[in-house]
Amino acid sequence: MYPTDSASRHTAAAAARKARTVRFVFSPPTEEAAGLLTLPWTQPLEEWQDQRLVEIRQRGISRHIVRFVADSGELYALKAINEDLARREYRLLRKLAELGVPAVHVVGVVVDRGPDMDAILVTRFLDYATTYRAVFSSPRGGQPTDRLLDALVELLVRLHLSGFFWGDCSLSNTLFRYDAGTFEAYLVDAETSEQHPTLTAGQRRYDVELAEERVYGELLDLQAGELLSPEVDPLEIAAELPRRYALLWDELTREELLHPDDQRFRIAHRLRRLNELGFDVDEIELIAAPDGNKLRLRTKVAESGHHSRQLFLRTGLIAEENQARRLLNDIASYRAYLEQQRGHPVSEMVAASQWLAGIYDPVIAAIPGELAGRLPPAEIFHEILEHRWYMSEAAGADVGTTAAARSYYQTVLPGVPELLSEDGPAGESGLMS
C-alpha cells in the first residue's frame, strides 16, 4: 500500500530513514544469517510479531528479554541488552571460540535500533542442545544430577584454565548435549565474564562459590516444581560442585614427586590421564628435589575432537567426541570380525567403509520418520549398541544390531523428548526476563 497524502509520505520516509540507521555488527561468514536483516529491529524485542519466532520449551531463567528465531534452517537466540555489554559479550564469545572452549556461536550485535532501545546480541542455538529443565522434565536413565554437575564443573575448569572468570556459572546459563550417555556443557551467557592472563586462587574460589549458590537456587526451583526426585537434596548436590571442581583442578595442575627410576613411566601415565580427561599439557617442568624430581605441568584445554576427526576421516560422519570414540570401537570390532571371517588382514579404511555401508547406514535409515531428529544419529547408534548389550545379556547370546535397532525404535526412542524448539509463531509467553 502506498501513502496517499503528504503526511503519510512524511511518516513513511521517516520510518525508512529510521530503519536505515540500524547497524549490524556480524561475524564473518554472515551469508547464512542474511535473512535476519529483515526482522523488525526498530521495534522493542518483546513486541515483535513475526512468523519466524519460535518457542523454546523448558528453557532456563534469564535476566533479559530473549526470543528465538528460526531462519534458513538455523535457530537463533536474540537477547536485548545494553550496547556496551552486548559488544563486550560479543568479543568474549569470539575469544572463547578461538580458544576452543565450548560455548554458543556468536553471530553478531545489532545496535542503533532507536531511542531508548537496547542492542540485541545474536547467537546461534546449538543443534540437539537441551536445557537442564528439559533434562529434569524428561529424565532418561535416572536423575541426571551427577552427569549435569560433572559437565558443568568441567566447563568451569576449562574456562579457568583459559584465564576466564565466568561470574555467573549456573545451569541456566549452560546448554547441554548428549554425548554417548554423558553430557557436554556449553556456555551460553558471558555477560559477566572477564578475561585475564591467568586467574588467582581467590578469583577461582569466588567463581566456584557463586556457582554453588546459583545451582542450589536452581535445584530448589526444580524441587518446588516437583521435578526432583524426593531423595535428592538440593543442598547436598550443590555442595558437591566445589568438591568435584577441586578434584578435577588438582588432577590437572598438581605437582608430584617422581623417582628417577620410574620417571618416564609416571610422566607418560599422567599425560595419558590428562588426555583422557580432554586436556593437553602446554609445558612440562622437572625441578630437582632431595628425594627425586618434582613434576610441574602447565595444563591447557586440549584441541578438541581427536576421535571426531578420526571418525570423519574414515567415514565422513560428524559426531561428538564420546560418540565418535564409541563408533570407532565398533568399527574396530567389525574389522576384527572381517579379518576372522576372511583369514587375512583388513585395512582400517576398508573396514570403516564396509561398516558404514553394511551396519551404520541401514540402522540409521530404519529410524521411523516421526522419530527422526529426536537425537543425533550418532547418539542413536550409540544407544542401540547399549541396547544390544542389555538384550544380549538377557538372552544369553548376541542378538545382533538389526534386532537391537528394531527393539530400540519400538521401546526406547519414542520416549525421548522432542526437540526444544517448536514450529510456528511465538507469542509473549515465549519471553524471559
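Predicted model: local features only at pLDDT ≥ 70, side-chain atom pairs only at ≥ 80, totals over all residues.
Local features need pLDDT of at least 70, side-chain atom pairs count only at pLDDT 80 or more, and totals for chains, interfaces and linings use all residues. Residues are numbered from 1 along each chain as its sequence is written, and side-chain values use heavy atoms, without hydrogens or water.

Start with the salt bridges (a side-chain nitrogen of Lys or Arg within 4 Å of a carboxyl oxygen of Asp or Glu). The whole structure holds 21 of them. One joins Glu74 to Arg124, at 3.6 Å from N to O. Glu74 sits in strand S4 and Arg124 in strand S6, so the pair ties together parts 50 residues apart in sequence. Strands are DSSP runs of E, at least two residues; helices are runs of H or I, at least four; both are numbered from the N terminus.

Now move to helix H6. Glu240 and Arg244 both lie there, 4 residues apart. Their side chains meet at 2.9 Å, N to O. Both residues are buried. Buried means under 20% relative accessible area, exposed over 50%, partly exposed in between (1.4 Å probe, protein chains only).

Beyond neighbours within four places in sequence, Glu218 is in contact (heavy atoms within 4.5 Å) with Tyr132, Ser170, Leu171 and Ser172.

Finish at helix H12. Its buried residues include Ala404, Tyr408 and Tyr409. Their cover includes helices H10 and H11.
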